[in-house]
Amino acid sequence: MRYALKTSVPLTTSSITHLTIEMGEDSLSIKQNITGVYSNFNAIKEITVPADIIRNTISIDDYFNSLIELEATKLG
């Protein structure tokens, strides 16, 4: 990652990811090469999240637990 020296604002980013997920006899492999350029830092003045989205939000732990329960039901 490259940063602006005076402001410490990120300018560019890059990453390489190799991920393998195994479940039982099945596996999924993902290889990613990601590059990005940051721009328009001050273009967004406000982000508003609708109230119904906030009300229906769940934690990431609850989400993953529901996926595990769903998978267990399918295998049941």
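Trainee: Where does Ser8 sit in the chain?

Mentor: This is a predicted model, where local features need pLDDT of at least 70, side-chain atom pairs count only at pLDDT 80 or more, and totals for chains, interfaces and linings use all residues. Residues are numbered from 1 along each chain as its sequence is written, and side-chain values use heavy atoms, with hydrogens and water left out. Strands are DSSP runs of E of at least two residues, and helices are runs of H or I of at least four, numbered from the N terminus. On that scheme, Ser8 falls in the loop between S1 and strand S2 (10-23).

Trainee: Is Ser8 buried or exposed?

Mentor: Buried means under 20% relative accessible area, exposed over 50%, and partly exposed in between, with a 1.4 Å probe and protein chains only. Ser8 has a relative accessible area of 52%, so it counts as exposed.

Trainee: What is phi of Ser8 near?

Mentor: Ser8 is a residue other than glycine, yet its phi is positive. The value is near 65°.

Trainee: What share of the 76 residues is buried?

Mentor: The C-alpha trace spans about 55 × 35 × 15 Å along its principal axes. The buried share of the 76 residues is 0%.

Trainee: Which element has the highest mean pLDDT?

Mentor: pLDDT is the predictor's confidence in each residue, from 0 to 100, and the chain averages 91. Strand S1 (residues 2-3) has the lowest mean among the elements, at 86. The highest, 96, belongs to strand S3 (residues 26-37).

Trainee: Which residues does Thr35 touch, leaving out those up to four places away in sequence?

Mentor: Thr35 lies in strand S3 and is exposed, with a relative accessible area of 69%. A contact means heavy atoms within 4.5 Å. With that cut-off, Thr35 touches Thr13 and Ser14.
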